[in-house]
Amino acid sequence: MLYYLAKFEKGYNLWQTNLRTKETKILSSLKAKRPGQIEMGAKGTHLYVLSDGKLSKVDLKKGKAEKISINGEMLLDEMSERAYLAEHIWRQTKKKFYRKDMQGVDWEFYKKAYFIKLKDINNNFDFANLMSEMLGELNASHTGARYSPSASNADKTASLGLFFDPSYSGDGLKIIEIMDKSPLKNNKSKSKAGHIIKAIDRVTIDKDMNYYPLLNRKAGKNTLITIYDPNLKKQWEEIVKPINRSTLRQLSYERWIKKNDQLVEKLSGGKL
């Protein structure tokens, strides 16, 4: 008998196939979102299934799945873990770098120079920066390290899809460009380049203020924007729905394509 996890219709389930008769059927309905691992029990009467981070014991005769609860804790020696990762990164780079002479870099020297700093690292952000600095000594493209933590309650700064004038020193945010598909790019909005965003949800933005917290967790939600036209000396309010970071990246990518299209057309005299 062959046992395996397969996805058909709703999620992954435990299937069995009789290799002689070719009869195939679902042994146990797990409806797991992701495939996992299975292992036969010592007596051959049960299968242990690990899927979606959960452990189950499946009776091979009845096909009944019984959840196995686990309760434990792990004490993590973070400094030792980072030291191990640093050694791994250094060795893998030496083994897989495209030039055996490491581009003329004394790789042994830089191991000593950077590893001595590990004792002063107490977080993964700094560790990633340290490894990036070490890899940067090779002066090669696509080498580096980064740390991307995931937290369910993390800040999520939304965007208005605008570019602001970095040379503007007055209160508020001076718009120099409104991206295509920006929340302010609609028939109802009167905003345009040169206008100044004076407030978000009636919180005034002064010249020394970090305005990003005003957009925290505002993606897809009605947000009141106060806009000022310095030429007409008029101020008004508009309700928009800021976009999330993923949508902003897509708009930035489309903007990049558009500008490249325009550049090619200009340089080719419209021939390309």
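# Close-up views

G72 is exposed, with a relative accessible area of 67%. On this scale, exposed means over 50% relative accessible area, buried means under 20%, and partly exposed covers what falls in between (1.4 Å probe, protein chains only).

This is a predicted model, where local features need pLDDT of at least 70 and side-chain atom pairs count only at pLDDT 80 or more, while totals for chains, interfaces and linings use all residues. Residues are numbered from 1 along each chain as its sequence is written, and side-chain values use heavy atoms, with hydrogens and water left out.

**View 1. G72 and its loop.** You'll find G72 in the loop between β7 (65–68) and α1. Helices (H or I, at least four residues) and strands (E, at least two) are DSSP runs, numbered from the N terminus.

**View 2. The whole protein, for orientation.** Step back for a moment: the protein has four helices and 13 strands. Its radius of gyration is 29 Å, well over the 19 Å that the globule rule gives for 272 residues, so the protein is more spread out than a compact globule. That radius is taken over C-alpha atoms, and the globule rule is 2.2 Å times the number of residues to the power 0.38. Along the principal axes, the C-alpha atoms fill a box of roughly 85 × 55 × 50 Å. Buried residues make up 30% of the 272.

View 3. M1 sits in the segment before β1 (2–7). Is M1 buried or exposed? It counts as exposed, at 52% relative accessibility. Apart from its neighbours within four places in sequence, M1 is in contact with Q16, T17 and N18, where contact means heavy atoms within 4.5 Å. I197 is another story: its C-alpha atom and that of M1 are separated by 68 Å, and the two residues are 196 apart along the chain.

**View 4. The buried side of helix α2.** Which residues of α2 (residues 107–115) are buried? They are W107, K111, Y114 and F115. These four cover an arc of only 90 degrees around the axis, which puts them on the same side of α2. The arc is that of the directions from the helix axis to the C-beta atoms. Look at what covers these buried residues, and you'll see α1 (78–96) and α3 (124–136) included.

View 5. Most residues other than glycine have a negative phi. M102 is not a glycine, yet it has a positive phi of about 55 degrees. M102 is in the loop between α1 and α2, and it is buried, with a relative accessible area of 5%. N139, also not a glycine, has a positive phi near 55 degrees. You'll spot N139 in the loop between α3 and β8 (162–164); N139 is exposed, with a relative accessible area of 69%.

**View 6. T143 in its loop.** T143 lies in the loop between α3 and β8. At 31% relative accessibility, T143 counts as partly exposed. S132 is eleven residues away along the chain, and the C-alpha atoms of T143 and S132 are separated by 7.3 Å.
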